[in-house]
Amino acid sequence: MADETITITDNRTGKSVDVPIVNGGIDSGALRSLAPGVWFHDPAFMTTAACSSAITFLDGDAGILRYRGYPIEQLAEQASYLEVAYLLLKGELPDAAQLEQWTHDITYHTFVHENVKKFVDGFHYDAHPMGILASTVAALSTFYPEAKNLNDVACLEKQIVRLVAKMPTLAAFAHRFSVGMPYVYPDNDLPYSANFLSMMWKPRSGGKAYEVDPVLAKALDVLFILHADHEQNCSTTAMRTVGSAHADPYSATAAACSALYGPRHGGANEAVLHMLQDIGTLDNVEPFVQSVKSGSGGRLQGFGHRVYKNYDPRAKLIKRTAEEVFAVTGYNPLLDIALKLEEVALQDEYFVSRKLYPNVDFYSGLIYMALGFPMEMFTVLFAIPRTSGWMAHFMEMLQQESKIARPRQLYIGVDERAYVPLEDR
Ligand code: ACO
């Protein structure tokens, strides 16, 4: 269509270029040829599509999230996490034989080299498990040096299987170390999420036998599905950026974990729980909201999103899952505070006008708490399933004709000046 273009005019020269709009974007190369040395200034990628991707569709205004075209609601209700991981990584849902093979492969790779335990043992007694996870996943690259052969597709696929399989093991080891409990090896008779719960809690303190409750394992599996991918978020961008340098998948995953660790990203669910505990009673909800609005109370954690300007569809599903979990684990009074906080905020002009709605982190922390996870594990619980999404992007990036990520800058420092010897300063 003739008018599906944007015209850029350089008023210094009077030259113009018509740039076609393709898939909702315009090629920045047009500016490069029209005005060499002039750059788009977009520090937080507010207006920049850093890649084309066929993995996840997200419409933040309409509150829509789809993996490979499948609505997140249908996947959360009907699929298992491993099925979804396969979908993200391979592009299609597996048939029965493919799922069986995939499940077998993942299960077969759940164990980590015994020396990994020595790394974990070396951490300070109160080390944050997310720091342990990021470090040990990076260390895996030294156990599988062939992983740097990114051109060998079969080799790369093996590393993906290893990563998806071993993340729960590393995560559980990190927790067991922090509470001074012996590491629990994977039980490969159990499905993925149940196996993780088993490594976390077996045996209960006092040596009591631990049976995985199927309702809780299912709830965790749903949470894993909801966290598996979210297109170009901060950690996925880190993954693609580091991957564009052709770092091996373990090192790139460690970088993505580090991005996820931040409280503005995967650390927010931990912040939500601290916030709910600080609020403490229902009477304190309204004063707290006022303090957020006046700027003295910080941000309302678990609210707002760079992309969603509507209710995060994952938050809706998580709210429902929370009710199922509480039916088994018993009621948590912090839920009432969260519900009231949501109600008050969603009626308040400050939040309405800024389109601030609950995001995925608002209720997920409450479920994790009900499942018995300490707060320090919340971001780790995010990293486990996100590994399949990160790797899907890593693979897609390699398959595309990608260059190393190397943005430009607008230099705003001092102009050239002569070095001043120390005695003259
Ligand atoms: N509480 C109060 N005010 C908020 C909040 C919040 N949670 N989020 C945004 N605002 C306000 C800002 O103060 C700003 O107001 P102003 O226009 O008067 O200055 C306006 O809304 C826009 O906010 P930005 O910071 O520009 O929005 P941005 O898209 O950069 O930030 C973010 C998104 C970081 C998620 C932000 O909403 C936030 O800090 N939320 C709380 C932390 C959180 O829940 N993070 C999890 C995100 S989901 C995830 O990563 C899994």
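## H7 against H11

H7 passes H11 in a right-handed crossing. A crossing is right-handed if the near helix is turned clockwise from the far one by less than a right angle, and left-handed if anticlockwise. H11 covers residues 249-261, and the two helices pack at an angle of about 40° with their axes 10 Å apart. Axes here are lines fitted to C-alpha atoms, over the stretch in contact for helices, and angles run from 0 to 180 degrees between N-to-C directions. H7 and H11 are therefore oblique to each other. Angles under 35 degrees count as roughly parallel, over 145 as roughly antiparallel, 65 to 115 as roughly perpendicular, and the rest as oblique.

From H7, the contact uses Leu156, Gln159, Arg162, Leu163 and Met167. H11 supplies Pro249, Tyr250, Thr253 and Cys257. Contact means heavy atoms within 4.5 Å. By class, the contact of H7 with H11 has six nonpolar, two polar and one charged residues. Ala, Val, Leu, Ile, Met, Phe, Trp, Tyr, Cys and Pro count as nonpolar, Asp, Glu, Lys and Arg as charged, and the others, Gly among them, as polar.

## Basis of the model

This is a predicted model: local features need pLDDT of at least 70, side-chain atom pairs count only at pLDDT 80 or more, and totals for chains, interfaces and linings use all residues. Residues are numbered from 1 along each chain as its sequence is written, and side-chain values use heavy atoms, with hydrogens and water left out. Helices (H or I, at least four residues) and strands (E, at least two) are DSSP runs, numbered from the N terminus.

## H6 and its two partners

The axes of H6 and H7 (residues 153-178) come within 9 Å and cross at roughly 135°. That makes H6 oblique to H7. The crossing of H6 and H7 is right-handed. On the H6 side, Pro129, Ile132, Leu133, Thr136, Val137 and Leu140 take part. They meet Leu163, Lys166, Met167, Leu170, Ala171, Ala174 and Phe177 in H7. The contact of H6 with H7 counts 11 nonpolar, one polar and one charged residues.

H6 (residues 129-143) also packs on H18 (residues 378-399): their axes come within 8 Å and cross at roughly 30°. H6 and H18 are therefore roughly parallel to each other. Pro129, Met130 and Leu133 of H6 meet Thr379, Val380 and Ala383 of H18. This contact of H6 with H18 has five nonpolar, one polar and no charged residues.

## Sheet E1-E2-E3

Three strands form an open sheet in the order E1-E2-E3, with antiparallel pairing. E1 (5-10) and E3 (25-26) stand at the edges, each with a single partner strand, so one side of each is left without a neighbour in the sheet. Two strands pair if DSSP finds at least two bridges between them.

E1 and E2 (residues 15-22) pair in the antiparallel sense over six bridges. Thr5 has Pro20 in E2 as its bridge partner. Asp10 has Lys15 in E2. The hairpin of E1 and E2 has four residues between the strands, and Gly14 there takes a positive phi near 80°.

## Sheet E4-E5-E6

A further open sheet of three strands runs in the order E4-E5-E6, with antiparallel pairing. E4 (56-59) and E6 (70-71) are the edge strands, and each pairs on one side only. E4 and E5 (residues 64-67) pair over four bridges in the antiparallel sense. Asp59 has Ile64 in E5 as its bridge partner.
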